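Notebook open, structure loaded. I want to go through it piece by piece and jot down what I look up.

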Amino acid sequence: MDLALTPEERAFQDEVRAFLDEALTPELRAAGRLATSVFMDPEYSLPWQRKLHAKGWVAPSWPAEYGGPGWSEMQRAIFAAECARAGAPSLPPQGLRMVGPCLMGYGTPEQKARYLPRMLSGEDFWCQGYSEPGSGSDLASLQMRADSDGDDYILNGSKIWTTHAQFANRMFCLVRTRFDGKPQAGITFLLLDMDIPGITIKPIITLAGDHEVNQVFFDDVRVPKSGRVGAENQGWTVAKYLLEFERGGGSAPGLKVQLGRLRDMAADEGADGGGRLIDDAAFRARLSAAEIAIEAIEMTELRVLAELSGGKNPGPASSMLKTAGTEAMQRIDELALDVAATYAAVDQPMARRPGANTPPVGPVHSLVAAARYLNNRAASIYGGSNEIQRDIMAKLVLGL
Ligand SMILES: Cc1cc2nc3c(=O)[nH]c(=O)nc-3n(C[C@H](O)[C@H](O)[C@H](O)COP(=O)(O)OP(=O)(O)OC[C@H]3O[C@@H](n4cnc5c(N)ncnc54)[C@H](O)[C@@H]3O)c2cc1C
């Protein structure tokens, strides 16, 4: 694969760098650098989303007809790499990367016109209501019921692990509209407003101390049928299509930046006055192994990107990228714990505060190593656990 940039691509890279230099305030950069989760609080992600939206760069992979910038695959890769290098905050994925592309494939013209522009601008904040207390990996067993009542459905049941439901004004969810027959054939995909009476959100605080996920309860919640995506009982196809976008990669640029930071810090004298970690052969070997894994992910992401254009779905390659990307992320977290050494405390409020990355809070604190390590344990579970991704690859890629 020829990765050399053409003169036009170099000019584009310069344009992106110039924009990022100007648009990223120190607060936004610090928020990006100190984030302990891939899901960033809207306090930081939304100001950045608004700036990207004003520039027309908020949804690099969306087709131009829906508000994407119309970039080539290489331009998208350059943009992602430059954002990671500059420490830009991440954007909420549930709208832009998940239900947005899904609506382009399955939404009605009215749904596209109503929701896509508000997704780009950040006016709408989405959450994903797939999992239930008894239905995670075996998602098709979900039980939240939607009973038909004229032009509405009446919803009863509960969703769990709903990321950022506390911020969301909209949810896309899966409901059961038929209880007999094959479980997959009784599921409907529904869009709803989070302020409808009967919805209660209860926080779940994770081991890392974050309020990121929730349980959401539905008691006689009346949802208009106009929010249905696809036909009744055909939601399983829509749901699987969306999951390919959720799992669809794009992690290599960020992983490379994090690994580079670790390498630099390991070359410094130990934060606790110990020697240089980079001089330890076993540590160097682990660092190199992580680097090789990330290069392989980068090549695969570029290959998959080259096969996609105009909002196409990534197919089963998304399972491979999700598995490899999250495993590399967890490898980096383990290396970061070693680099941070005695400063890998579980909670570092000073280090988490944007703008506080000056002595006595030094660079090694900014690894927020333990908080990241704990939060990212979830990465091999959410979006479908890596064991399930391996099952999908065995079936759909290897044909076993
Ligand atoms: C931080 C976080 C955020 C999340 N955000 C959301 C969200 O916003 N919206 C949403 O709908 N869901 C969300 N989820 C839920 C997530 O999709 C589920 O946790 C995941 O699908 C696993 O389901 P489960 O937790 O019920 O585990 P289970 O399905 O009970 O699995 C338990 C273990 O058994 C393994 N296992 C299960 N079946 C098999 C099999 N057939 N073969 C091999 N191994 C198997 C699994 O890999 C796992 O290790 C989130 C989860 C987390 C942790």
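**Ground rules.** I call a residue buried under 20% relative accessible area, exposed over 50% and partly exposed in between, with a 1.4 Å probe and protein chains only. Helices (H or I, at least four residues) and strands (E, at least two) are DSSP runs, numbered from the N terminus. This is a predicted model, where local features need pLDDT of at least 70 and side-chain atom pairs count only at pLDDT 80 or more, while totals for chains, interfaces and linings use all residues. Residues are numbered from 1 along each chain as its sequence is written, and side-chain values use heavy atoms, with hydrogens and water left out.

**Helix H12.** I started with helix H12, residues 369-376. Six of its eight residues are buried, so the helix is largely enclosed by the rest of the structure. I listed the buried ones: Ala 369, Ala 370, Ala 371, Arg 372, Asn 375 and Asn 376.

**Ligand.** Which residues come nearest to the ligand? I get Ser 137, Trp 161, Thr 163, Ser 385 and Glu 387, out of 18 residues around it; the cut-off is a heavy atom within 4 Å. Next I went through polar contacts, meaning pairs of N or O atoms within 3.5 Å; within protein, one must be able to donate a hydrogen and the other to accept it, and residues adjacent in sequence count only if both atoms are side-chain atoms. A ligand oxygen sits 2.6 Å from a side-chain N or O atom of Ser 385. For Glu 387, I also noted a ligand oxygen at 2.6 Å from an N or O atom of the side chain. A ligand nitrogen is 2.8 Å from a polar backbone atom of Gln 128. On its own the ligand has 980 Å² of accessible area, and the protein covers 65% of that. These areas come from the Shrake-Rupley method with a 1.4 Å probe, and for residues only the protein chains shown count as cover.

What is the shell made of, by class? I count seven nonpolar, nine polar and two charged residues. In this scheme Ala, Val, Leu, Ile, Met, Phe, Trp, Tyr, Cys and Pro are nonpolar, Asp, Glu, Lys and Arg are charged, and the others, Gly among them, are polar. H13 gives the largest share of the shell, three residues.

H13 runs over residues 386-397 and includes Leu 396. Leu 396 is exposed at 60% relative accessible area.

**Salt bridges.** How many salt bridges does the structure hold? The count is 18, taking a side-chain nitrogen of Lys or Arg within 4 Å of a carboxyl oxygen of Asp or Glu. I looked up a few:

- Arg 178 and Asp 180 meet at 3.2 Å, N to O, and Arg 178 is partly exposed at 35%.
- Glu 291 and Arg 263 have their closest N and O atoms 2.3 Å apart. Glu 291 lies in helix H9 (residues 281-307) and Arg 263 in helix H8 (residues 252-266), so the pair ties together parts that are 28 residues apart in sequence. Both ends are partly exposed, Glu 291 at 30% and Arg 263 at 29%.
- Within it, Glu 123 and Arg 118 pair at 3.6 Å, and Arg 118 is partly exposed at 29%.

**Loops and a strand.** Phe 125 is in the loop between helix H6 (109-121) and strand S1 (126-129). It is buried at 7% relative accessible area. Its C-alpha is 4.7 Å from that of Ala 168, 43 residues apart in sequence. Gln 143, in the loop between S1 and strand S2 (145-149), is partly exposed at 47%.
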